[in-house]
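Grab a pencil and work through these exercises with the 3D view open. Try each task yourself before you read the solution.

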Amino acid sequence: MEDILGSNYISITERKVAYYEKNYYNTNNLKQYFILIISCVCIRTKKEIIQLDNGYYLETIIEETPTTRASNQKTAKKTGNYKNAQGTTMFSVTVTGTFTYTGSSSTCTKSIASATSKNANWKISSKSASKSGNKATAKATAKRYVDGTAVETQNCTVTLTCSLNGSLS
């Protein structure tokens with residue numbers, strides 16, 4: 001199975017499937033056919049940029065984990081990348097939310113927060129997650145240090161909302 005004879009891609013709705021074909025001979029010298037199928041699930045993303053008053057800006061990205069169409073449950077994460085005027089990310093805050101929706105109501109059932117520093121001068125000092133109604137929220141505080149002294153503190157809140165019909169914002 002060292003050499004792969006071919007590689008092909010098939011697009012099936014929102015999924016791409018890669019498959020590799022391999023002809024090889026077994027110990028009885030009979031030709032056998034081998035197909036390896038790898039399913040690549042496409043994640044929907046939505047991006048927005050919010051200019052902040054302090055010269056920084058927040059780039060938010062929503063990534064939705066695919067579910068079956070019959071499911072009235074969604075899991076997604078929304079990341080806020082806190083960037084300076086040059087576009088360098090200082091730190092990131094992510095909320096991961098799980099929602100159920102019916103068309104007439106929507107409820108957040110789970111909320112998880114994570115926060116990471118993307119710059120050696122910035123450190124995350126706190127983070128928290130909360131849920132209320134159809135919203136999942138992550139809050140984080142980051143501090144910028146110069147020579148071991150905190151010289152700047154920034155608070156970042158990222159909220160993921162699920163509408164009655166399952167649209168995320």
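Keep in mind that this is a predicted model.

**Exercise 1. Decide whether S92 is buried or exposed, then describe its surroundings.**

Step 1: Look at the accessibility. S92 has a relative accessibility of 5%, and buried means under 20%, so S92 counts as buried.

Step 2: S92 sits in strand β7, which covers residues 89-101.

Step 3: List who touches it. If you skip the neighbours within four places in sequence, S92 is in contact with T79, G80, N81, S114, A115, T116 and K118.

Step 4: Zoom in on two of those partners. G80 is 12 residues away from S92 along the chain, yet their C-alpha atoms are separated by 5.5 Å. With N81, the side chain of S92 makes a polar contact of 2.6 Å.

**Exercise 2. Classify the ring pairs Y56–W122 and F91–W122.**

Step 1: Recall what you need. A pair of aromatic rings is described by the distance of the centres and the angle of the planes.

Step 2: Take Y56 and W122. Their ring centres are 6.3 Å apart and the planes stand at 90 degrees; over 60 counts as edge-to-face, so this pair is edge-to-face.

Step 3: See what the pair links. Y56 is in the loop between β4 (44-51) and β5, W122 is in strand β9, and the two are 66 residues apart.

Step 4: Now take F91 and W122. Here the centres are 5.5 Å apart with 40 degrees between the planes, and the pair is tilted. F91 lies in β7 and W122 in β9, so this pair ties together parts that are 31 residues apart in sequence.

Step 5: Check burial. Y56 counts as buried at 13% relative accessibility, W122 is buried at 1%, and F91 is buried at 0%.

Step 6: Y56, Y82, F91 and W122 form one aromatic cluster, and the structure holds five aromatic pairs.

**Exercise 3. Work out why one side of β9 and one side of β11 are left without a neighbour in the sheet.**

Step 1: Write down the order. Three strands form an open sheet, β9-β10-β11, with antiparallel pairing.

Step 2: Look at the ends. β9 (122-132) and β11 (149-161) stand at the edges with a single partner strand each, so one side of each has no neighbour in the sheet.

Step 3: From one strand to the next it averages 15 degrees.

Step 4: Follow one pairing. β9 and β10 (residues 135-146) run antiparallel and are joined by 10 bridges. In one of them, K131 has A136 in β10 as its bridge partner.

Conventions:
Residues numbered from 1 in each chain as written. Predicted model: local features only at pLDDT ≥ 70, side-chain atom pairs only at ≥ 80, totals over all residues. Heavy atoms only, no water. Pairing = 2+ DSSP bridges. Helix = DSSP H or I, 4+ residues; strand = E, 2+ residues; numbered from the N terminus. Axes fitted to C-alpha atoms, helices over the stretch in contact; angles between N-to-C directions. Buried < 20%, exposed > 50% of the residue type's maximum accessible area, 1.4 Å probe, protein only. Contact = heavy atoms within 4.5 Å. Polar contact = N/O pair within 3.5 Å; in protein donor to acceptor, adjacent residues only side chain to side chain. Phe/Tyr/Trp six-rings, centres within 6.5 Å; stacked < 30°, edge-to-face > 60°.
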